[in-house]
Amino acid sequence: MLGCLLILVPCSLAQSSITHSKVECSTLNSAILAREVPYCVMLPPSYAQGNARRYPVAYYLHGLGDNEQSLVNLGGWAIYDRLLREKKIGEFVVAAPAGYTSFYINSRDGKLRYEDFFLREFMPAMQKKYRIGTSRRERGIMGISMGGFGAMHYAFKYPEMFTVVSANMPALIEHLPKEFSQEWQRELMGAIFGNPPDTAFYEKNSPFHLASAISLSALKRLAIYFDCGAQDRYGFNVGTAAMDKLLTQRGVPHESHIYPGGHDWSFVLEHLAASLEAQSKALGARQYPR
């Protein structure tokens, strides 16, 4: 899922000469994960004016094989800036932590407690360091591939914390097979879900189970957008169609698309704008003079 060569940001602060949005990259010392966790934050143009204004925030979760800098280095930052220039989105902060191969959940064996880190350490640290909203209506979650799984997991499990979820080519598998057929599945997914896979554990954490289990009123409060390529090599288009069907059957308003394309960054760059626009609209992001 998205194995890419990344050109890393060479310093802790990068700046666009066109819109003056900024990217800060740093690390957070995690007691839960017992390591320094890198992260990057995209700050909108007016953030640097130094006023007391607080901004909505979208937490961005990267795909398997990528890292916290992928959105910046592989074209997402340029799309964010373009949408700002074209006034198609308002200003909001985007915070992206390193997710490793975690699927953004606590692993079955308890050795990698990523969900605990994200909720108990990362989000509070971002709220303390940056002028971002702390209420549900000011907080969104988004992701691609593995990060799309994580974004939908968090949104459906904690609808009281997020007002919008958006995902490009999310890693949606309705039911795991009884055994992993490929080496990468055994090594990467097996570390999180067990090898052979613990299907009960997977389904408990699956966005499908969570979308079925939470109350209809809570689910309907979420703004939901997701898309996938019709030629997705992992078959996530099948999972996307199944999620669309589930939400439709529950009578939940949402936007879902199957577009031509595969599982790669070309697809992400073609459709990331829709994900950012969904975040902006639901977060009530505003445009400010600069």
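Select K157 to start: K157 is partly exposed, with a relative accessible area of 34%. Buried here means under 20% relative accessible area, exposed means over 50%, and partly exposed lies in between (1.4 Å probe, protein chains only).

Before moving on, note that this is a predicted model, where local features need pLDDT of at least 70, side-chain atom pairs count only at pLDDT 80 or more, and totals for chains, interfaces and linings use all residues. Residues are numbered from 1 along each chain as its sequence is written, and side-chain values use heavy atoms, with hydrogens and water left out.

**Stop 1: K157 and its partner**

The K157 and E115 side chains form a salt bridge, 3.0 Å from N to O. A salt bridge is a side-chain nitrogen of Lys or Arg within 4 Å of a carboxyl oxygen of Asp or Glu. This pair links distant parts of the chain: K157 sits in helix α4 (residues 146-157) and E115 in helix α3 (residues 114-129), 42 residues apart. Helices are DSSP runs of H or I with at least four residues, strands are runs of E with at least two, and both are numbered from the N terminus. Is E115 buried or exposed? E115 counts as buried, at 3% relative accessibility.

**Stop 2: along α3**

Stay on helix α3 and select R120 and D116. They lie four residues apart, about one turn of the helix. Their side chains meet in a salt bridge at 3.8 Å, N to O. R120 is exposed at 54% relative accessibility. D116 is buried at 14%.

How many salt bridges does the structure hold? The count is six.

**Stop 3: α2 against α10**

Now show helix α2 (residues 76-85) and helix α10 (residues 265-283). Their axes come within 10 Å and cross at roughly 50°. Axes are lines fitted to C-alpha atoms, for helices over the stretch in contact, and angles run from 0 to 180 degrees between N-to-C directions. The two helices are therefore oblique to each other. Angles under 35 degrees count as roughly parallel, over 145 as roughly antiparallel, 65 to 115 as roughly perpendicular, and the rest as oblique.

Which residues make the contact? On α2, pick G76, I79, Y80, R82 and L83; on α10, pick L269, L272, A273, L276 and E277. Contact means heavy atoms within 4.5 Å.

**Stop 4**

Salt bridges that share partners join R82, E86 and K88 into one network.

Switch to E277 in helix α10. E277 is partly exposed, with a relative accessible area of 30%. Setting aside neighbours within four places in sequence, E277 contacts L83, K88 and I89. Select S166 too: E277 and S166 are 111 residues apart in sequence, yet 9.5 Å apart in space, C-alpha to C-alpha.

**Stop 5: H62**

Finish in the loop between β4 (57-61) and α1 (70-73), where H62 is found. H62 is buried, with a relative accessible area of 1%. Beyond its neighbours within four places in sequence, its contacts include N67, E68, P97, Y100, Y104 and M146. I144 is another contact of H62. H62 and I144 are 82 residues apart in sequence and 5.8 Å apart in space, C-alpha to C-alpha.
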